[in-house]
Amino acid sequence: MPPVWSAPVRFVECDQQGVVFNAHYLVWADEAVNAWWEQRGVPWTDLTGRGIEYYVVASALEWRSSARWGETVEVDAELEKLGRTSLTLRFGIRVGARSCCVVRTTYVCTADGASTPWPDDVRERLSGS
């Protein structure tokens with residue numbers, strides 16, 4: 001399956017050695033999450049139109065190797081856990097076949113600022129992925 005998101009590493013994302021600064025891996029995961037939802041037929045506008053939003057409650061990063069200026073990073077995303085009100089996605093960030101970083105992010109579903117269960121139709125779309 002193709003990556004959900006990819007982009008060339010920009011000079012501004014790197015330190016003086018040409019290595020990507022660690023915070024950018026979270027930015028790339030954040031870019032990929034919207035594409036992941038879209039691929040499952042649940043666009044952001046559909047959720048917000050129903051008064052639903054999701055927020056990050058935790059992220060963890062595991063580095064494997066450095067992405068560098070001039071390379072193209074690709075982000076794969078998969079559902080690791082679907083809970084009643086939250087879900088955890090695993091983002092594999094790589095350059096070609098070389099793994100650079102794994103980001104695990106947990107999101108909570110909210111309505112009116114309070115945690116709420118995922119709607120049944122959303123849960124069905126996610127369970128089928």
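The radius of gyration is taken here over C-alpha atoms, and the rule for a globule is 2.2 Å times the number of residues to the power 0.38. For 129 residues a compact globule would thus have a radius of gyration near 14 Å, and the 16 Å of the protein chain agrees with this. The model is a predicted one.

**Fold and dimensions**

Three helices and six strands make up the secondary structure of the protein chain. Read from the N terminus, the order of elements is β-α-α-β-β-β-β-β-α. Among contacts between residues at least 6 apart in sequence, 65% join residues at least 24 apart. Further values for the whole chain are set out below.

| Property of the protein chain | Value |
|---|---|
| Box filled by the C-alpha atoms, along the principal axes | roughly 45 × 30 × 25 Å |
| Distance between the mean positions of the 13 positive and 17 negative charges | 5 Å |

In soluble globular proteins, nonpolar side chains tend to be buried together. In this model the largest nonpolar core has 34 residues, of which Tyr25, Trp28, Trp37, Ala67 and Phe91 touch the most other members. Two or more residues each come from strand S1 (5-8), helix H1 (23-39), strand S2 (52-63), strand S3 (72-82), strand S4 (86-95), strand S5 (98-111) and helix H3 (120-127). The most is given by H1, with seven residues.

Leaving aside residues up to four places away in sequence, Tyr25 touches Val20, Leu61, Trp63, Ser65, Ser66, Ala67, Ile93, Cys100, Cys101 and Val103. One of these partners, Ala67, is itself listed with Tyr25 among the core residues that touch the most other members.

**Cysteine 109**

Beyond residues up to four places away in sequence, cysteine 109 touches Ile52, Glu53 and Tyr54, together with Thr85 and the group Ala114, Ser115, Thr116, Pro117 and Trp118. Valine 42 lies 67 residues from cysteine 109 along the chain, and the C-alpha atoms of these two residues are separated by 13 Å.

Conventions. Residues numbered from 1 in each chain as written. Predicted model: local features only at pLDDT ≥ 70, side-chain atom pairs only at ≥ 80, totals over all residues. Heavy atoms only, no water. Helix = DSSP H or I, 4+ residues; strand = E, 2+ residues; numbered from the N terminus. Contact = heavy atoms within 4.5 Å. Lys, Arg positive; Asp, Glu negative; His and termini not counted. Charge placed at Lys NZ, Arg CZ, Asp CG, Glu CD. Core = buried A, V, L, I, M, F, W, Y, C linked by side-chain atoms within 4.5 Å. Buried < 20%, exposed > 50% of the residue type's maximum accessible area, 1.4 Å probe, protein only.
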